[in-house]
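Subject: Structure for your files

Hello,

Please find the sequence and structure below. My notes on what was found follow directly after.

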Amino acid sequence: MPTPSLASLPIRRLTPRDLSACADLSEDRGWPREEHKWGFLLTAGRGHGIDDPDGGLVAACVVTEYGPQDHPDLAAVGMVLVAERHARQGVGRRLMRHVVSMMGTTPLTLYATPYGRPLYEELGFKVIGRAEMVRGRFSPQGPPSPVATRAATAEDLPSVVRLDEEVFGIDRTPVITRLPAFADRLYVAEDNGRIIGYAGAWPNMDTHVVGPLIARDTETAKALITALAAHTDRPLRTDIDVRHEELLAWAKECGLASVAFNAVMTYGSTDLPGDWTRRFAPLTLAAG
């Protein structure tokens, strides 16, 4: 029986049952398996993939929608992967065109590696910024921060959701309410009993990733990172908007080294909503 052509293979919705196949696909491309992150994304977002007749997945991606369920205000695209044996055959382009078509007039955003950026530019995505990935053993520098931080409680969640919507510019309740189960640590910063920032640290292979990181100012962001670092013996990793030069310089003084740069891109919008001055790092590069 002849093998079907890649162009004829249907694109289908992925579910949490596809977690192992998605992790296999990551591993096939030399990425970590990242099962914890895949599980979160396949639950909080919508996965799309192409089955390989010989087993596994030809390709996959995840779209995380924000705003009203029937008419989202923004969608983040991430984890766009094509199996090595099917690379450079137009599969990634076809999958992305499917996503663009499916989302209609909804603006899209993604973080692009230098390798993936040409494809996204071909599809009409525009670069609007950059994020710098830093990683390493965190060693606090300087005097203790005067900003008060503590572990978040269930009672804090409504305030965290409100702050996140104010800063992100769009309601992300379905994603933010999953953070207590996804992150190993979730901390808030306070000023006179009012929450002025929050951050999570979630496990990713041998590191803890700090994200999201939302804070009133740079000092608050520093205090949250320091608080999270105090509760892990793993290296830290985070992806900081390059416009936050002071935070990046401080992170490097504390032992985190630059690993990579990713382009922030949008489609159907010339910028992202919200207040970038208080948005220091995304939850994940895949979900924004």
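M79 counts as buried, because its relative accessibility is 6%; buried here means under 20% relative accessible area, exposed over 50%, and partly exposed in between (1.4 Å probe, protein chains only). The place of M79 is in strand β4, and M79 has a positive phi of about 55° although it is not a glycine.

Before the rest, the conventions. This is a predicted model, in which local features need pLDDT of at least 70 and side-chain atom pairs count only at pLDDT 80 or more, while totals for chains, interfaces and linings use all residues. Residues are numbered from 1 along each chain as its sequence is written, and side-chain values use heavy atoms, with hydrogens and water left out.

Overall picture

The protein contains 9 helices and 13 strands. Helices (H or I, at least four residues) and strands (E, at least two) are DSSP runs, numbered from the N terminus. The C-alpha trace spans about 70 × 35 × 35 Å along its principal axes. The radius of gyration is 19 Å, which agrees with the value near 19 Å for a compact globule of 288 residues; it is taken over C-alpha atoms, and the globule rule is 2.2 Å times the number of residues to the power 0.38.

Of the 288 residues, 51% count as buried. Among contacts between residues at least 6 apart in sequence, 72% join residues at least 24 apart, where contact means heavy atoms within 4.5 Å.

There are 31 positive and 36 negative side chains, and the centres of the two sets lie 3 Å apart. Lys and Arg count as positive and Asp and Glu as negative, while His and the chain ends are not counted. The place of a charge is taken as NZ of Lys, CZ of Arg, CG of Asp or CD of Glu.

Strand β9 (residues 194–204) is largely enclosed by the rest of the structure, because 10 of its 11 residues are buried. β9 pairs with strand β8 (residues 185–191) in the antiparallel sense over 7 bridges; two strands pair if DSSP finds at least two bridges between them. D191 stands opposite R194 in β9. β8 and β9 form a hairpin with 2 residues between them, and N192 in that turn has a positive phi of about 55°.

β9 is also joined to strand β10 (residues 207–215) by 7 bridges, again antiparallel. The bridge partner of G197 in β10 is A215. The hairpin of β9 and β10 has 2 residues between the strands, and M205 there takes a positive phi near 55°. P212 is in strand β10, and the peptide bond from G211 to P212 is cis, with omega near -5°.

Strands β6, β11 and β12

Strand β6 (residues 126–136) runs antiparallel to strand β12 (residues 257–267), with 9 bridges joining them. K126 has T266 in β12 as its bridge partner. β6 is also joined to strand β11 (residues 236–241) by 6 bridges, and these strands run antiparallel. G136 stands opposite L236 in β11.

Helices and loops

Helix α2 is mostly covered, with 7 of its 10 residues buried; among them are W38, F40 and L42. G45 is found in the loop between α2 (35–44) and β2 (46–51). With 8% relative accessibility, G45 counts as buried. Not counting residues up to four places away in sequence, G45 touches R13, F40, V62, V63 and T64. G45 and H244 are 199 residues apart in sequence and 28 Å apart in space, C-alpha to C-alpha.

T218 is found in helix α8 (residues 218–229). At 17% relative accessibility, T218 counts as buried. Leaving aside neighbours within four places in sequence, T218 is in contact with E246, L247 and F280.

The loop between β4 (74–82) and α3 (91–103) holds G90, and R88 is placed in the loop between β4 and α3 as well. G90 counts as partly exposed, at 31% relative accessibility, whereas R88 counts as exposed, at 65%. R88 has a positive phi of about 60° although it is not a glycine. G90 and A286 are 196 residues apart in sequence and 21 Å apart in space, C-alpha to C-alpha.

Regards
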